[in-house]
2 protein chains.
Amino acid sequence: MTNLNAKKPKPAFSKRKRVPSAQAQEYILQAAGELFYKEGIRAVSVDSVVEQAGMNKMTLYRQFSSKDELILAYLDRQSKQFWEEWEASLAKHPHQPRRQIIQLFTDLADKSSVIGYRGCCFSHIATEFPDPEHPARQLVFAHKKAVIQKLVELTKAMNAPDPEILAHSLALWIEGAYAASQTFGADSDTIRMLPVIVEKLLDEAAPH
Amino acid sequence: MTNLNAKKPKPAFSKRKRVPSAQAQEYILQAAGELFYKEGIRAVSVDSVVEQAGMNKMTLYRQFSSKDELILAYLDRQSKQFWEEWEASLAKHPHQPRRQIIQLFTDLADKSSVIGYRGCCFSHIATEFPDPEHPARQLVFAHKKAVIQKLVELTKAMNAPDPEILAHSLALWIEGAYAASQTFGADSDTIRMLPVIVEKLLDEAAPH
DNA sequence: TATCATTGTTACCGATCAGTAACATCCTAA
DNA sequence: TTAGGATGTTACTGATCGGTAACAATGATA
């Protein structure tokens, strides 16, 4: 009752296995990736990340000094994965920028049609963290800027008369697809039309 | 010390003014509108809404049975405002659907360039409430569907050969503009190009 | 074998959250 | 004048949040 400092002996089951910090970090980032994307970043507690990872909260806080830092690590991972998928799309049609662009959108439409798809995790950040000065927002800014830059390279490579305009048009559709996939779910007319309208735009912007 | 049930007499300043419930509701919805949009819905507490409104928490809970219900009322308001602005854009060029569409995007670009603009509050909901069955999500779904429907009406009115395709193309750009304005802020190349690319698309989709 | 940094575990902190009970005060209508 | 419903105010609940202290167990190295 009054013995506030009582130490419970605890059976000390010692079910615990020692996990090297690098692997623990991996588990935690994987769990964070799933939960943040599925449920939203603010909605996911550090405790639930830890539980999903099968780790202990202290283990997390020994790797990441705060939830914010965990979020940054999460975004870093997502960005790497994004560019891997991007390059995978391009690799299907080497040196054919027009077909590469169409492939990007076809793959995007495919991904958007998977149940559980929730759009772009970077856009989620922009919504969930209104302060543009937040470090996570800076990562979002850099990421989206890089996407436009890569699109410009592609539209230049296909000799579009106005590569900037075309690239921004495409970038807006990418963003739109992210949003639409969230609103309308896996079965969306808009998403289904996406590759078609891109092809039409490319035809008109730079006849081949 | 131990007198837990002590009632503090309170000077009873009686600074309180009685406000009829309808007006209280108005104050609360106005405060909720500002805060939800600016800071995000999950990030805004009921207490802060109440404080911003200059009301008391009980006053809020006598009008809205829960925060969720307040959110629904907030969305209802935003939807009404959205359609008012939409109609205002159309009214600038009666019976000229092509110019009406361009006006919609011009006005959208203008709004997106205002400091503090945070994109589409309905898209925020989709991000912040992952459960598609959430009543707020249903409102978002209905709203976005209505937008596409209205766009189809416009593209049909301008005798586009494929009004559905054109309408969805435009809808994707609207969504994209919302997202881009958040990422890049008030000074965005993408947003600046928006009216131009729309005009180009309209020219090519349905020559006038 | 002894050392000691690393890892595992529990219990806790103060803050904040959505929501409510209980009571004080006011205003209107009869 | 009075009764009673509407409104104002305070203080509270139980849950959850991000983050930490303190200590126990472990295992590689010397």
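What is the volume of the second largest pocket? It comes to about 630 Å³, and the largest pocket has a volume of about 750 Å³. Please keep in mind that this is a predicted model. Below is a friendly tour of its pockets, cavities, cysteines and symmetry.

**The largest pocket**

- Lining this pocket are 29 residues, and those closest to its centre are B:Tyr37, B:Gln78, B:Gln81, B:Glu85 and B:Tyr117.
- Five helices of chain B each supply at least two lining residues: H1 (21–39), H4 (67–90), H5 (97–112), H6 (121–128) and H8 (163–184).
- H4(B) gives the most to this lining, with eight residues.
- By residue type, the lining of the largest pocket divides into 15 nonpolar, eight polar and six charged residues.
- Two domains of chain B take part in the lining of the largest pocket, with at least three residues from each: domain 1 (17–64) and domain 2 (78–205).

**The second largest pocket**

- To return to the opening question, the second largest pocket has a volume of about 630 Å³.
- Of the 24 residues that line the second largest pocket, A:Gln81, A:Glu85, A:Lys111, A:Tyr117 and A:Gly119 are the closest to its centre.
- In chain A, helices H1 (21–39), H4 (67–90), H5 (97–112), H6 (121–128) and H8 (163–184) each supply at least two residues of this lining.
- H4(A) provides the largest share of the lining of the second largest pocket, namely six residues.
- The lining of the second largest pocket is made up of 13 nonpolar, six polar and five charged residues.
- Domain 1 (17–64) and domain 2 (75–205) of chain A each contribute at least three residues to the lining of the second largest pocket.

**Cavities**

- How many cavities of 30 Å³ or more does the structure hold? There are four cavities of 30 Å³ or more.
- The largest cavity is lined by 21 residues, and the closest to its centre are A:Ser123, A:Thr127, A:Ala179, B:Ser123 and B:Ala179.
- Both chains take part in the lining of the largest cavity: H6 and H8 of chain A and H6 and H8 of chain B each supply at least two residues.
- The lining of the largest cavity consists of eight nonpolar, eleven polar and two charged residues.

- A:Cys120 is in no disulfide, and the nearest cysteine sulfur, that of A:Cys121, is 5.3 Å away.
- A:Cys120 is buried, because its relative accessible area of 6% is under 20%.

**Symmetry**

- In general, two copies of a chain are related by a rotation about an axis and a shift along it.
- Here, chain B is superposed on chain A by a rotation of 180 degrees with 0.0 Å of shift along its axis, at an RMSD of 0.0 Å.
- That is the relation of a two-fold axis.
- Which residue of chain B comes closest to the rotation axis? B:Gly176 does, with its C-alpha at 2.0 Å.

Note on methods
Residues numbered from 1 in each chain as written. Chains lettered and ligands numbered in written order. Predicted model: local features only at pLDDT ≥ 70, side-chain atom pairs only at ≥ 80, totals over all residues. Heavy atoms only, no water. 1 Å grid on protein atoms, 1.4 Å probe; cavity = no way out; pocket = protein on both sides within 12 Å on 5 of 7 lines; lining within 4 Å. Points joined across faces, edges and corners; volume = space filled by probe spheres on them. Helix = DSSP H or I, 4+ residues; strand = E, 2+ residues; numbered from the N terminus. Nonpolar A, V, L, I, M, F, W, Y, C, P; charged D, E, K, R; others polar. Domains from an automatic or database assignment. Disulfide = S-S within 2.5 Å. Buried < 20%, exposed > 50% of the residue type's maximum accessible area, 1.4 Å probe, protein only. Least-squares fit on C-alpha atoms with pLDDT ≥ 70 in both.
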